[in-house]
Amino acid sequence: MQSTTLDDRIDDLSHDLRSPLAVAEGYLACLLDGECGDLNGEQRDVVGTALEGLRRLQAFIDEGLEEARSGTREADMVEEDVVPVVQDVMEMFRLMASRRGVTLTGRIETPVARVLMDQARMRRVLTNLVSNALKYTPAGGTVSVSLAARAGRASVFVADTGCGIPAEALDGLCQRFARAPQGRGEGPQAPGTGLGLAIVKEILEEHGGDLWVDSHVGAGSTFAFALPLCAGSVEVLA
Ligand code: ADP
C-alpha cells in the first residue's frame, strides 16, 4: 500500500471540505436568484448573509490549507478603516443572535478608525470574539460590541452577560485547546475546540495589538483589544 504524505492528506481534506460547501453555496445562490420562487426583502437579506458567510468560510479554508502546505502565510497588511469591518461582522451575527434570544447591540464611537491590518485576519478576530460571546450567553442576555478611537488607539470591546469564566481559568485561556469549566456548573459545556482565543491572540500579536479579559462567573465577560491608530482617523473623546 502507498504511504500518504502530509500534502496528500491536505489535498483530501481540501476536497472533502470544499465539496459540501460548494453544494450548499449552489443551493443558496439558486434561492437568491429567485429560482425557487420570489423572496421578500428580509428573506433575501438572510440568504445573502448566509451565502456571504459560506464564501468567507471557503476563503478561510483555502487560506488555512495554503498555510498548512507552506508552513506560513504572508500577512497582507494594509492601512484601512476598521469601522465597516466591525459593522459587517455584527451584521453577520444579527440573525444568529435573534434566533438565540440574545440582544446584540453595537456602539461605534468614531466615524473613521484607520489601522494597519490584514482585513481577513482582523475579521477572524472579531468573528471569534462575537461568536464566543453569543455561544456562552444564554437566551435573555445581551452581547454589546463597541469601538472607540482615542489616545492613539482603536479599542474594541465585546461584552456579554453570559456564564463568565472562573478567575483560576483566566490565565492560560489563550493557549491552544484551553477551555474553562462552564460557570456554576450549569448544563453541559458548549461545543468548541479551545483554539479560537489562541488564534485571536496570535493575530493580534501580528498587528501589534493586545487582548485583555475581564470576567466574573454568573455576570459575564468582556474581551477587549486595542490597535494603534493610523493617520486619517477621527478620535472622539468619551
Ligand atoms: P472554544 O469556544 O472553541 O472552546 P476558545 O479558544 O474560543 O475555544 O475559548 C476558550 C475557552 O474560553 C472556551 O472553552 C470557554 O471556556 C472560554 N470562553 C471564551 N469566550 C467566552 C465567553 N465570552 N464567555 C465565557 N467563556 C468564554
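How accessible is arginine 94? At 42% relative accessibility, arginine 94 counts as partly exposed, a class lying between buried (under 20% relative accessible area) and exposed (over 50%), computed with a 1.4 Å probe on protein chains only.

## Basis of the model

This is a predicted model, in which local features need pLDDT of at least 70, side-chain atom pairs count only at pLDDT 80 or more, and totals for chains, interfaces and linings use all residues. Residues are numbered from 1 along each chain as its sequence is written, and side-chain values use heavy atoms, with hydrogens and water left out.

The chain averages a pLDDT (the predictor's confidence in each residue, from 0 to 100) of 87, and 91% of the residues score at least 70.

## Helix H3

Helices (H or I, at least four residues) and strands (E, at least two) are DSSP runs, numbered from the N terminus. Helix H3 covers residues 83-100 and has a kink of about 40 degrees centred on phenylalanine 93, where the bend is the angle between axes fitted to the seven residues ending there and the seven starting there. Phe93 is also one of the buried residues of H3, which include Val89 and Met90.

## Salt bridges

Eleven salt bridges are found in the whole structure, each a side-chain nitrogen of Lys or Arg within 4 Å of a carboxyl oxygen of Asp or Glu. Arginine 94 pairs with glutamate 91, their closest N and O atoms being 2.8 Å apart; because these residues are three apart in helix H3, about one helical turn separates them. Glutamate 91 is likewise partly exposed, with a relative accessible area of 37%.

Key: The expected span of a helix is 1.5 Å times one less than its number of residues.
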